[in-house]
Amino acid sequence: MEFASFLVSLGTSAIIFVVLMFLFTWLSRRPGNAPVYYPNRILKGMDPWEGSSLTRNPFAWIREAFTSTEQDVVKLSGVDTAVYFVFQSTVLGIFALSALLLLPTLLPIAATDNNLETSRSATDTTSNGTFSQLDNLSMANITKSSSRLWAFLGAVYWVSVVTYFMLWKAYKHVATLRAQALMTSEEVLPEQFAILVRDIPSPPNGETQKEFVDSYFRDIYPETFYRSLVVTENSKINKIWEDLEGYKKKLARAEAAFAATSNRPTNKTGLLGLVGKQVDSIDYYTKLINESVAKLEAEQRTVLAERQQTAAVVFFTDRVTAALAAQSLHCQMVDKWTVTEAPEPRQLIWENLKIKFFSRIVRQYVIYFLVAITILFYMVPIAFVSAITTLANLQKALPFLKPIVDIAFIRTILESYLPQIALIVFLAMLPKFLMFLSKSEGIPSQSHAIRAASGKYFYFSVLNVFIGVTLAGSLFENLKALEEKPNSFITLLATSLPKSATFFLTYVALKFFVGYGLELSRIIPLIIFHLKKKYLCKTEAEVKEAWYPGDLSYATRVPSDMLILTITFCYSVIAPLILVFGVIYFGLGWLILRNQALKVYVPSYESYGRMWPHIHTRILAALFLFQLVMFGYLGVKIFVWAILLVPLIFISLIFGYVCRQKFYGGFEHTALEVACRELKQRPDLEEVFRAYIPHSLSTHKGDDHQFKGAMSRYQDYAAISAA
């Protein structure tokens, strides 16, 4: 990529961002768009513009985001969202502090050396097509064995020390935030009075599973045991309940159409309503609802009597006993009576609860193997696309494009965006598959599955993007040289690192300007909402479902941020200019996503910061990779003092171990000093129990279905009645 192409890419992305920002300012003030730009506030019964400025100032939202406190975020969007912003601000602090020293120190040192000029005149290893203007500001321009490399060695230590300091500070802050939120919660949290029990043995003859569970825990906790809810096999009854809900929605649509036109709607009973007998829709769906209710009630009796599984949710009369029970070994055999803290009712993955102990272990290793295979084989198309989408290789592969590519304007645009867009498209195809694999491990809760999928996505993106993209172009171009001199692989890798930084500069710029511009403007959700509202939605409930925003999507957002973090880490010393882009990415992300968290996104679960230990581990993994890369690159530069980085690598491992030993226990379990705090309101234990009853097993009510936001703690509490 030429320097002009980089400037075009950067300038175009910046202009797109500014246009999208002004578009957001205009669109968000129109009352008809409020459900798209303020759904979080609407679902909480607040005025959409409460506390907001309706002036013509297009930057008013920035002031609102800056002046919001962490408690504002917790109140409107939950602890998990507040922890995500701790992650954003921590990384922003790491890169900002690193840049303060590295930019004024390393850039002049690199710019005043002449390694690239010497190597070009001697061996012509740097072609005109490379990003030579910025290569002069990187380690590529430092002569081998030069004393200037001491500055780069010191820079690695500076980045590492800053990271240790910021991570330690952040871990302490998140631990305190989690404890305070659990102690001062205004709501009674059902999960704090419950434990999840799996791997229940077969009951003795003459006892049901529920009687066996009740007697077992009543013997151990005679004064504080309340009752149990045995997990049942619900696949058939869930299907009946889903059909019932579908019929209720169709009936509501038919009644809305009748109210609007005074004509009773009709439909055909066959495939997709296109064939079959013509019937009155209101009468037809009323009949189906009555039939489904009868089926549901009959199936409920069968399920409760005959389909009890080897798992249960056990309830206690106080939080301390539940916290103690979740941390205790209840059976000498580890594969029986396995006890953990109960997730929120809305988080439970019911079909996974019955999976046995050793089956879960086997599944876990099988999934790890499948992920490794996926990473290996996914690297092939990514490497190929990364190589082929360089303009020179694209012309070789598709000669008929040459006349088009030779047009200066088109050539500049293709060089600016083609490889980066290809990479983003490939990565967008993966998350759902990784979520499916994570749930297949037998994980019991949605938040745990998201953490697992996030970890897989992180390692996948780092290995495929960082290694695949960094090496692909060089390997493609130098394959013949590698065949002749296989030992030159390490040299090729070291040489390609500074050159690949130019690709990642554009990639990061595209992510923060265009990506965050689209995030802020919400153009796509706005268009989809208005199309659905005009052509598809007939009832108020359907309109609300059309604008419902979802959550921050941690399963993909956190790994995407981690990829940018890893790229910035690994090139922070090799090409220090990337620190500027890292600071802009996380600074802009903090600002825009804070606005979205306060006004738009609605959490689908609350784990009280349990994502943080996983985030902390991934940041350390990125730092560890950075230190290894720098050790290798300094070695290629024939700098004998690169050996001084070896202690730093071990310090990172020790730091991670110390953090885990000191802090992780408070995230794995609820500390007793937290659980013993007196609640502001006395819990209704019957309501706590009912919160865990699945929809399909609750007593049917004929009330109209009420739209529930995801912030509702219970799955559809209004629909749950007696056990």
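Where is Ile638 found? In this predicted model, Ile638 sits in the loop between H26 and H27. Although Ile638 is not a glycine, its phi is positive, at about 55 degrees.

Trp337 is also worth a look: this residue, not a glycine either, has a positive phi of about 55 degrees. Its place is the loop between helix H13 (319-326) and strand E6 (338-341). Trp337 counts as buried because its relative accessibility is 5%, under the 20% cut-off.

Let us go back to the loop between helix H26 (612-636) and helix H27 (645-668), where Ile643 has its place. With a relative accessible area of 48%, Ile643 is partly exposed. Together with Trp150, Phe631, Val640, Trp641 and Leu644, Ile643 forms a nonpolar surface patch with about 580 Å² of accessible area.

In soluble globular proteins, nonpolar side chains tend to be buried together. Here, the largest nonpolar core has 133 residues, and the members that touch the most others are Phe569, Val573 and Trp612. Helix H9 (residues 149-183) is the element that gives the most to this core, with 17 residues. Apart from this core lies another, of 31 residues, including Leu251, Ala342, Leu685 and Phe689.

Leaving aside residues up to four places away in sequence, Val573 touches Leu102, Leu106, Met139, Phe152, Ala155, Val156, Phe626 and Met630.

## Salt bridges across the chain

The model has 17 salt bridges by the rule used here. One of them joins Glu299 to Lys236, with the closest N and O atoms 4.0 Å apart. This pair links distant parts of the chain, with Glu299 in helix H12 (residues 281-306) and Lys236 in helix H11 (residues 235-261), 63 residues apart. Glu299 is buried at 8% relative accessibility, whereas Lys236 is partly exposed at 47%.

Helix H11 also holds Lys249, whose partner Glu545 lies in helix H23 (residues 540-547), so this pair ties together parts that are 296 residues apart in sequence. Glu545 is partly exposed at 35% relative accessibility, and Lys249 is partly exposed at 40%.

What about Arg557 and Glu519? Their side chains meet in a salt bridge of 3.2 Å, N to O. Arg557 belongs to helix H24 (residues 554-571) and Glu519 to helix H21 (residues 489-521), 38 residues apart. Both Arg557 and Glu519 are buried. Finally, a network of salt bridges links Arg227, Glu686 and Arg690.

Terms used
Residues numbered from 1 in each chain as written. Predicted model: local features only at pLDDT ≥ 70, side-chain atom pairs only at ≥ 80, totals over all residues. Heavy atoms only, no water. Patch = residues over 30% accessible without salt bridge, like charges linked within 9 Å, V, L, I, M, F, W, Y side chains within 5 Å. Areas by Shrake-Rupley, 256 points an atom, 1.4 Å probe, with all protein chains shown as cover. Helix = DSSP H or I, 4+ residues; strand = E, 2+ residues; numbered from the N terminus. Buried < 20%, exposed > 50% of the residue type's maximum accessible area, 1.4 Å probe, protein only. Core = buried A, V, L, I, M, F, W, Y, C linked by side-chain atoms within 4.5 Å. Contact = heavy atoms within 4.5 Å.
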